[in-house]
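Visitor: Could you walk me through this model, one question at a time?
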Amino acid sequence: MNTRAEADALVRSLGALLGIALELDTQDACGLRIDDDFELTLRFETQTCALLAHAVVGERPLHDGEASLRRLLEANHLWDGSAGATWSVSGES
C-alpha cells in the first residue's frame, strides 16, 4: 500500500469510528465540521508524505497583538510549547 492509500485508510477509519463517511477527495483533503464553531481539515501532503490536520482555534486578541504573536512563535520553537502542533496566524485567526 502506498503512503497516499495509507492516509486515505486512516481517514476512512476515523470516519468509521465517528459513524460517518470520510475520504480524501481529488485534492487529497477532506473536511469535518464538529459544530458551528469548529471545522477540521485533513490533507495529505504528497511532497512530505504527511497527513496534516488544520483547524482555526481562536481569534487573536487585538489588545496585545505583538505579545500574542510572540507567544505563538515561542510555542513553535522546536514545538516545545505546542506539544508538536504548529501555531500560526491568518488574519485575526
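Here is a friendly tour of a predicted model, told in questions and answers.

Visitor: Thanks! In what order do the strands of the open sheet stand?
Guide: Happy to start there. The open sheet is made of 3 strands, and the pairing is antiparallel. β1 and β3 (50-54) stand at the edges with a single partner strand each, so one side of each has no neighbour in the sheet. On average, neighbouring strands are turned by 20 degrees against each other, direction ignored. The order is β1-β2-β3.

Visitor: How many bridges pair β1 with strand β2?
Guide: These two strands pair in the antiparallel sense, and strand β2 covers residues 38-45. One example is Gly31, whose bridge partner in β2 is Thr41. The count of bridges between β1 and β2 is 6.

Visitor: And which residue of β3 is the bridge partner of Arg43?
Guide: That one takes us to the other pairing, where 5 bridges join β2 to β3 and the two run antiparallel. Within β3, the bridge partner of Arg43 is Leu52.

Visitor: Which residue in the turn of the β2 and β3 hairpin has a positive phi?
Guide: The hairpin leaves 4 residues between β2 and β3.

Visitor: Now for the helix: at what angle does α1 run to β2?
Guide: Helix α1 spans residues 3-18. α1 lies across β1, β2 and β3. Its angle to β2 is about 155 degrees.

Visitor: Which element gives the most residues to the largest nonpolar core?
Guide: That core has 9 residues in all: Ala7, Val11, Leu22, Leu24, Cys30, Leu32, Leu40, Leu42 and Phe44. At least two residues of this core come from each of α1, β1 and β2. With 3 residues, the element that gives the most is β2.

Visitor: Staying with that core, which residues does Ala7 contact beyond its neighbours within four places in sequence?
Guide: Ala7 is itself listed in the core, and so are Leu24 and Phe44. Leaving aside neighbours within four places in sequence, the contacts of Ala7 are Leu24, Phe44 and Leu51.

Visitor: Let's turn to charges. How far apart are the closest N and O atoms of Arg4 and Asp28?
Guide: The structure holds 5 salt bridges, and this pair forms one of them. The pair links distant parts of the chain, with Arg4 in helix α1 and Asp28 in the loop between α1 and β1, 24 residues apart. Arg4 counts as partly exposed at 26% relative accessibility. The closest N and O atoms are 2.5 Å apart.

Visitor: Is Asp28 buried or exposed?
Guide: Asp28 touches Arg4, Leu42, Arg43, Phe44 and Thr46, not counting residues up to four places away in sequence. The relative accessible area of Asp28 is 15%. Buried means under 20%, so this value places Asp28 on one side of the cut-off. Asp28 is buried.

Visitor: Why are Asp8 and Arg12 separated by about one helical turn?
Guide: The side chains of Asp8 and Arg12 meet in a salt bridge at 3.0 Å, N to O. Both residues belong to helix α1. They are separated by about one helical turn because their spacing in the helix is 4 residues.

Visitor: Of that pair, what is the relative accessible area of Asp8?
Guide: Arg12 is partly exposed, with a relative accessible area of 43%. Asp8 touches Glu23 and Leu24, not counting residues up to four places away in sequence. Asp8 is buried, and its relative accessible area is 10%.

Visitor: What is the N to O distance in the salt bridge of Arg43 and Glu45?
Guide: Here both partners are partly exposed: Arg43 has a relative accessible area of 37%, and Glu45 has one of 24%. Their side chains meet in a salt bridge with an N to O distance of 2.4 Å.

How values were computed
Residues numbered from 1 in each chain as written. Predicted model: local features only at pLDDT ≥ 70, side-chain atom pairs only at ≥ 80, totals over all residues. Heavy atoms only, no water. Buried < 20%, exposed > 50% of the residue type's maximum accessible area, 1.4 Å probe, protein only. Contact = heavy atoms within 4.5 Å. Pairing = 2+ DSSP bridges. Axes fitted to C-alpha atoms, helices over the stretch in contact; angles between N-to-C directions. Salt bridge = Lys/Arg side-chain N within 4 Å of Asp/Glu carboxyl O. Core = buried A, V, L, I, M, F, W, Y, C linked by side-chain atoms within 4.5 Å.
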